[in-house]
Every structure is written in structure tokens, then in C-alpha cells.
Amino acid sequence: VGAHVFVDADLPRLRDHGHDHGHDAPRNTVPVPPDWPDVPCGYLRTGTSPAHDPAAKQARLRGWPVTEHPERTSLAQSLTTLITTL
């Protein structure tokens with residue numbers, strides 16, 4: 001796997017004995033699970049679901065590129081733009 005691209009998706013979070021600790025991270029960082037592969041990651045937000053705004057914010061806090069999908073652009077163009085940055 002050369003990279004991971006998340007499209008309006010929840011991001012992986014740290015888990016400890018079944019408890020989700022994704023909200024316990026310091027304000028300026030969001031930890032990546034220790035078993036997460038060491039490959040580039042990016043996030044595409046289509047804007048169709050405001051519920052995924054927090055995931056886009058988490059992606060930015062992890063230092064991942066986030067691409068906003070404008071309505072007048074094809075989804076393929078937005079994905080290509082994001083993948084090119086990875």
C-alpha cells in the first residue's frame with residue numbers, strides 16, 4: 001500500500017482495552033494508532049456531510065493533507081489532486 005485516502009470517513013483512533021481515547025489527545029495533535037502503517041495519508045471532504053468536519057480537522061492535526069471537494073469539480077479531479085500531494 002503506497003498511501004491511504006479517506007473520503008468523508010472517520011479516522012482510526014487509539015483504543016485501549018476497548019475504550020476509545022481519540023478525544024483525550026492534546027489540542028494541537030491527534031495521535032495515530034501505533035500499529036498504523038507508515039504510509040502517507042490524506043483526507044477528501046466532499047462537503048456533503050457536515051458530520052465529517054471533525055474528521056477533516058483531525059486529519060489536519062495529524063499533518064495529513066486535506067482537500068475540500070468543490071461542487072463544480074468532479075470527484076475524480078478532487079481525488080487526483082489529493083493523491084498527487086501524497
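**Core, helix and patch: what the terms rest on**

The largest nonpolar core here consists of eight residues: Phe6, Leu11, Cys41, Tyr43, Ala55, Ala56, Ala59 and Trp64. This is a predicted model, where local features need pLDDT of at least 70, side-chain atom pairs count only at pLDDT 80 or more, and totals for chains, interfaces and linings use all residues. Residues are numbered from 1 along each chain as its sequence is written, and side-chain values use heavy atoms, with hydrogens and water left out.

Me: What makes those eight residues a nonpolar core?

Reply: A nonpolar core is a set of buried Ala, Val, Leu, Ile, Met, Phe, Trp, Tyr and Cys residues joined through side-chain atoms within 4.5 Å. Buried is under 20% relative accessible area, exposed is over 50%, and partly exposed is in between (1.4 Å probe, protein chains only). Phe6, Leu11, Cys41, Tyr43, Ala55, Ala56, Ala59 and Trp64 form such a set, so the name applies.

Me: Which element gives this core its largest share?

Reply: That's H1, with three residues. E4 and H1 each bring at least two. Helices (H or I, at least four residues) and strands (E, at least two) are DSSP runs, numbered from the N terminus.

Me: How do you know which side of H1 is buried?

Reply: In H1 (residues 53–61), the buried residues are Ala55, Ala56, Gln58 and Ala59. They span an arc of only 160 degrees around the axis, so they sit on the same side of H1. The arc is taken from the directions from the helix axis to the C-beta atoms. Strands E4 (41–45) and E5 (66–68) are among what covers them. After H1 comes glycine 63, with a positive phi near 85 degrees.

Me: What is phenylalanine 6 in contact with, leaving aside neighbours within four places in sequence?

Reply: Contact means heavy atoms within 4.5 Å. On that basis, phenylalanine 6 touches Leu11, Pro12, Trp36, Cys41, Gly42, Tyr43, Leu44 and Trp64.

Me: What makes Val5, Val7 and Ile83 a patch?

Reply: Like charges are joined within 9 Å, nonpolar side chains (Val, Leu, Ile, Met, Phe, Trp, Tyr) within 5 Å. Val5, Val7 and Ile83 form a nonpolar one, with about 220 Å² of accessible area together. Areas come from the Shrake-Rupley method with a 1.4 Å probe; for residues, only the protein chains shown count as cover.

Methods. Patches are made of residues with over 30% relative accessible area and no salt bridge: like charges are joined within 9 Å, nonpolar side chains (Val, Leu, Ile, Met, Phe, Trp, Tyr) within 5 Å. A salt bridge is a side-chain nitrogen of Lys or Arg within 4 Å of a carboxyl oxygen of Asp or Glu.
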